[in-house]
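The sequence and structure are shown first.

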Amino acid sequence: MNTLTEQTALEEAAQKRIKESHSLNGDADRLAKYYRGWADSYELDVEREQYCGPVIVAELTGALQAAYVDGPRAATTILDAGCGTGLVGMELERLGFRSIDGFDLSEAMVEKAVETGSYRHVQGDVDLNSSLTCYPDASYDMTVCCGVFTLGHVRPDGLRELARVTRPKGFVIVSTRKSYAEATSFEDEVLSLQQAGVFVPVQCLNDGRYLEEEDAHYWALRVAEKPKERRL
Ligand SMILES: C[S@@+](CC[C@H](N)C(=O)[O-])C[C@H]1O[C@@H](n2cnc3c(N)ncnc32)[C@H](O)[C@@H]1O
């Protein structure tokens, strides 16, 4: 194979793996198995597809922290939900964050995240489609979630748990691929949490760069000072 053909074949294989991951219907066993097989080549695949979600989520987190969060950046506590191999954590560390925890459904992906050295603590086998019982209410200043509100992965109501574990006046920063936003009730979920007094009126970067094949929306959701009801 010549280099160009080889490169095209690798890109096609990466696109196929990304697409396949969207067909797992949110089934925890299938997702964990799929990512076990993908963990070793995940970063190369998404790099080939110009995945910039982690950079944008981290930069947005940095801007929100600088604008609204008291205290030194290094002490701002962050939970990276669905941290995968740790791409978001590495970007956050580059920006000066030092108190980052993470979790993921996949133990294999979490092992890679641990190797980055960017996290204080990372936990595997945690399912965002269920209650995050290992995290008390209001335990983080900011919660980030990149590439997880994606078809076949996590339902929109996972957002409630992210709001619950984030402290009053803290932020939940989330990416949603456009195809996910269009196919699910994610926006309705945001509005209902806003109407319920959990989030204050929200901000969103619409149609931002994400992957070569598709853009995403980037949501900056602020937890209310006195969230009315944390478990809806
Ligand atoms: C596309 S990767 C994104 C990983 C990382 N955030 C990034 O931006 O590179 C999706 C991640 O979500 C995790 N995941 C899928 N379903 C999940 C669930 N129900 N609960 C927690 N993590 C989940 C997968 O194991 C995988 O690591």
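## Backbone angles and ligand shell

Asp207 counts as partly exposed because its relative accessibility is 41% (buried is under 20%, exposed over 50% and partly exposed in between, with a 1.4 Å probe and protein chains only). The model is predicted: local features need pLDDT of at least 70 and side-chain atom pairs pLDDT 80 or more, whereas totals for chains, interfaces and linings use all residues. Residues are numbered from 1 along each chain as its sequence is written, and side-chain values use heavy atoms, without hydrogens and water.

Asp207 belongs to strand E6 (residues 203–211), strands being DSSP runs of at least two E residues and helices of at least four H or I residues, numbered from the N terminus. Most residues other than glycine have a negative phi. Asp207 has a positive phi, near 50 degrees, and Asn25 has one near 55 degrees. Asn25 lies in the loop between helix H1 (3–21) and H2 and counts as exposed because its relative accessibility is 66%.

| Residue | Protein atom | Ligand atom | Distance |
|---|---|---|---|
| Tyr51 | side-chain N or O | oxygen | 2.6 Å |
| Leu128 | backbone N or O | nitrogen | 2.8 Å |
| Cys146 | polar backbone atom | nitrogen | 2.8 Å |

Terms used. Polar contact = N/O pair within 3.5 Å; in protein donor to acceptor, adjacent residues only side chain to side chain.
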